[in-house]
Amino acid sequence: MDQAEISSNTESLSAQESVDSPIATGFTTLTRDGYTILGCGNEQGYYEILYNEEVGNNIFYIDYATQQEVYLCASPNCTHDHEGCTAWIDPDAGGFTPLVSGEKLLLVHVAYGFESGESAIPRIDVAGLDGSDRHTLVEFAANERLKLVFSTNGNQLICALNEVNPDDIEDTNATLKLVLIDLNTGERTDFYERAVQIGGTEPLFMGVTDSGYCVLREQYTTKSEEDFPGQEWEDIADEIERSTTYTCTMIPVGGSEPVGTFTYSGRIYDLLCDDGLYYFDCDSRKVMRVSIPDGTATELATLPDEGATSAYLDGKMGDWFLLSQRYYENREDVSYPVANDCCYAVNVKTGELRPLEIRQEVSADRRMTTMLGKTSNEVLLITDSEVPETATHYGFVYSLISQEDYLNSNADALKPIQFAF
């Protein structure tokens, strides 16, 4: 099915219709739940929004070719503090998250319910990659709360939201909706919905696979503190976590009904990628991938026993899946348990396991570097974090490196990004 056929089908789809297979494919998920969204990149560079005390909020662009960060503005001698500047964002308009989809720069405003005026209305603005022709693409209702996970195939955007009671902010009953947005016209189609309880066992929208399946994940534990009377939480936390079961529901893009579910359990960390759902079990140390929509689980590798208490899954880089195991150590020179990450790249085709020695320094902690953006050959990483976190760029240091050098832990190949201020 070509793109024209996808768009045509999307326009005629109603929320009451059900499909067994996706009406659109080719999606990649740009963000993840539970982690701060700093920005988004493409093959040429990386976009982010930062606050400068002198001029306010601005869109910045990191050019991979020069490793330079600049204002997203081509006007000479511009002060970047007024509406005519393509980089400037009115600080009274609320916060925005930049996303890149094809030739479009999307600016997503997520309202949380306590804003006032226009900033209380969630919306998505769209502009050219140079910031030009910025305008509102789609506006949501004041009682709709956008989730922080967004997936795109270049022409369509998939997101999730909760429709809440507009007359009672204390009401925890809501309707979860999956929404498809045409990025060329702004047309919105709500194709799946279900009743949820906010703050309860509300399902988590993990994103959309390349094959066009949305994944909602729910979890519950079979054990609680009541099963361990008289014991301290630190002594029972792992056992309670081991009793956690995760159930994932698969909904085809455009479908009003699920096409299946799959489950896994244990002390699990998981992440949805374009080619399936990956998870790591802290006890067995196995890295697994679940194919979607058939739900088949495949073991990719077993990590060395590092006595890890947690993990972080960073995502895919070509055929390599990147993740870390974390353990803590007490040091006389530090007043808190120091976090150390043992980082690895797993080849998803061959099962080859490579240790990654380039890590992010965060005070005394040594954590896995976070992938901010990537191209077919390079990757943009957070390689250091200064104190305080309120410093420029949240205290972070960014570096560009080739994927090959990163896999070979060649720290000498890191190219620091020169920030604009």
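Is Asn 143 buried or exposed? Select Asn 143 to begin the tour: with a relative accessible area of 17%, Asn 143 is buried, where buried means under 20% relative accessible area, exposed over 50% and partly exposed in between, using a 1.4 Å probe and protein chains only.

Before going further, please note that this is a predicted model, in which local features need pLDDT of at least 70 and side-chain atom pairs count only at pLDDT 80 or more, while totals for chains, interfaces and linings use all residues. Residues are numbered from 1 along each chain as its sequence is written, and side-chain values use heavy atoms, with hydrogens and water left out.

**Stop 1: around Asn 143**

Asn 143 lies in the loop between β10 (135-139) and β11 (144-152); helices (H or I, at least four residues) and strands (E, at least two) are DSSP runs, numbered from the N terminus. Leaving aside neighbours within four places in sequence, Asn 143 is in contact with Asn 162, Glu 163, Val 164 and Pro 166, contact meaning heavy atoms within 4.5 Å.

**Stop 2**

Select residues 173-182 and 188-197, which are strands β13 and β14, running antiparallel and joined by 9 bridges; two strands pair if DSSP finds at least two bridges between them. Within this pairing, Val 179 has Asp 190 in β14 as its bridge partner. The two strands form a hairpin with 5 residues between them, and Gly 186 in the turn has a positive phi of about 80°.

**Stop 3**

Not counting residues up to four places away in sequence, Arg 217 touches several residues, among them Pro 203, Met 206, Tyr 246, Tyr 264 and Asp 270.

Tyr 246 and Tyr 264 lead on to a cluster, in which ring pairs link Tyr 246, Phe 262, Tyr 264 and Tyr 279. Rings of Phe, Tyr and Trp (its six-membered ring) pair if their centres lie within 6.5 Å, and planes under 30 degrees apart count as stacked, over 60 as edge-to-face and the rest as tilted.

**Stop 4**

The structure holds 10 aromatic pairs. In one of them, the rings of Tyr 398 and Phe 419 have their centres 5.1 Å apart and their planes at 90°, so the pair is edge-to-face. This pair links distant parts of the chain, with Tyr 398 in strand β31 (residues 396-402) and Phe 419 in the segment after β32, 21 residues apart. Tyr 398 is buried, at a relative accessible area of 0%, whereas Phe 419 counts as partly exposed at 24% relative accessibility.

**Stop 5: Val 346**

Select Val 346 in strand β25 (residues 338-347), which counts as buried at 0% relative accessibility. Leaving aside neighbours within four places in sequence, Val 346 is in contact with a group of residues including Val 287, Leu 300, Trp 320, Phe 321 and Leu 353. If you also show Lys 316, you will find its C-alpha atom 9.4 Å from that of Val 346, although the two residues are 30 apart along the chain.

**Stop 6: backbone angles**

Most residues other than glycine have a negative phi, and most peptide bonds are trans. Select His 80, in the loop between β5 (68-71) and β6 (88-89), where phi has a positive value near 55°; His 80 is buried, at 12% relative accessibility. Ser 409, in the loop between α3 (403-407) and β32 (415-416), likewise has a positive phi near 55°. Finish at Pro 293, in the loop between β21 (286-290) and β22 (297-302), where the peptide bond from Ile 292 to Pro 293 is cis, with omega near 20°.
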